[in-house]
Amino acid sequence: SRCLFPKFDVMDKARWDGWRLEKTDVAERRDAAEVLSQSPQGLKEAVAHLRSLDPYVRQAALHAIEQAGERAASHAHDVVALLRDDTQYVRMAALQALVAMNVPDTEATFRAVGETLERLGDENESVRRSALEVLKGSLFRRAIFRTDVIVKQLDSRNPGIRRTALKALAILKLDALEAARLLIDQVGYVRVEAIKTVGIIVGSGEHGLEQEDLETVSRLVLERLGDSTAGVSKAVVEVAQQLEAAGAPVARQLCGYFGHSNWRVRKTAASIAQSLKCGSTLREQLDLMALQDENDKARGAAREAAFVLAGAVTNAAAASELPTPRLGQHGPTWVPERIGTVRPQCPFGLKTHWRALTLAWHDCRALSHHVRPG
């Protein structure tokens, strides 16, 4: 007798799940994509649906390929073709599928590199973010040979694209000079990203810059001290230390900013000097700034930086050469030599001398680890 329920083979099951990809219900399409990713026949059915006229079906098919991961690497050329799809969420799904596939070195791979770098200039931010994820993954080693595409996007009219191009250069750790061009960008968050990118590239130790180029980059970064955009000053402080470690003359260039007309610039310059810990170069100017500056916050930053640098010099040289302060019942009986060395340098008035006394008192507190009761 003939069975009422004929045998349901694998190909029929794959076609059935492929048909489910065309359903309007999102949950059913997601379930079908998961099932199709588990078998070779299901992958072939998903690839066939990449040519669907419905963008939602193409997106669901790409999700099936993404879940298959490296097993779908042979279909990389079909996925690369959708990087230029008219629908932004299809382009994003194609990029995510490329990340999961980890495609080997084939012709499709090099095509994928070019198309991915082009997607860095996509008008949609989500697509650009997905393209950055691709660069961090399997296509990283191949993309370093196509940085010309990224550099071209630094001149885009869209500030979001310029920022994405900077992030791509930071991932690849190349072209610090090109990134430094955007330190004077008209948009604030692009300038912040440019500072961070320069710091990442130079801090990697693989920047390949000559000493003259390092000086140029350092000068351009320090010029951003007068930038009032939120986050710029903090980024400059962080990057200055990386530039100094790479051999840039940050400490020497920083000297010109202690007398800047803007007190915020002077305060930030003192913070940078504190992070550099180059006491012999900047401590004398910080001492004068701590005594003479008209702004309380700038004086406080200079005083704090001077204390840190004094500790660095003490630890590096000889702590035994410093006189040992003694604390009496009513306060310190020894006043540091700071007053004696600073006082003859300019005609101080009573107010400045009082600041020197205050500074001496703070010196005694900062050097309390040298103090023995007297």
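Leu225, Gly226, Asp227, Ser228, Ser233, Lys234, Val237, Asn262, Trp263, Arg264, Lys267 and Thr268 line the second largest pocket. The structure discussed here is a predicted model, and in it this pocket has a volume of about 220 Å³. Two helices, helix 15 and helix 17 (263-276), each supply at least two residues of the lining. Helix 17 provides the largest share, with four residues. Sorted by class, the lining of the second largest pocket holds five polar, four charged and three nonpolar residues.

Helix 15 also takes part in a packing arrangement with helix 13. Helix 15 spans residues 232-245, and its axis lies 9 Å from that of helix 13, at an angle of about 15 degrees. Angles under 35 degrees count as roughly parallel, and helix 13 and helix 15 are therefore roughly parallel to each other. Their crossing is left-handed. On the side of helix 13, the contact is made by Val192, Ile195, Lys196, Val198, Gly199, Ile200, Val202 and Gly203, while helix 15 brings Val232, Ala235, Val236, Val239, Gln242 and Leu243. Ten of these contact residues are nonpolar, three are polar and one is charged.

Helix 13 (residues 188-203) has another partner to look at: helix 11 (residues 159-172) packs against it at an angle of about 10 degrees, with the two axes 9 Å apart. That angle makes helix 11 roughly parallel to helix 13. From helix 11, the residues involved are Pro159, Gly160, Arg162, Arg163, Leu166, Lys167, Leu169 and Ala170, and they meet Tyr189, Val190, Glu193, Ala194, Thr197, Ile200 and Ile201 of helix 13. The contact of helix 11 with helix 13 comprises nine nonpolar, four charged and two polar residues.

The last pair lies elsewhere in the sequence. Helix 3 (residues 40-48) and helix 4 (residues 55-68) have axes that come within 8 Å and cross at roughly 145 degrees. The crossing of helix 3 and helix 4 is left-handed. Leu43, Ala46 and Val47 of helix 3 make the contact with Ala61, Ala64, Ile65 and Ala68 of helix 4. Seven nonpolar residues form the contact of helix 3 with helix 4, with no polar and no charged residues.

Key
Residues are numbered from 1 along each chain as its sequence is written. This is a predicted model: local features need pLDDT of at least 70, side-chain atom pairs count only at pLDDT 80 or more; totals for chains, interfaces and linings use all residues. Side-chain values use heavy atoms; hydrogens and water are left out. Axes are lines fitted to C-alpha atoms, for helices over the stretch in contact, and angles run from 0 to 180 degrees between N-to-C directions. Angles under 35 degrees count as roughly parallel, over 145 as roughly antiparallel, 65 to 115 as roughly perpendicular and the rest as oblique. Contact means heavy atoms within 4.5 Å. Ala, Val, Leu, Ile, Met, Phe, Trp, Tyr, Cys and Pro count as nonpolar, Asp, Glu, Lys and Arg as charged, and the others, Gly among them, as polar. A crossing is left-handed if the near helix is turned anticlockwise from the far one by less than a right angle, and right-handed if clockwise. On a 1 Å grid over the protein atoms alone, a cavity is a set of points where a 1.4 Å probe fits but cannot get out, and a pocket is an open set with protein on both sides within 12 Å along at least five of seven lines; lining residues have an atom within 4 Å of a point. Grid points are joined across faces, edges and corners, and a volume is the space filled by probe spheres set on the points.
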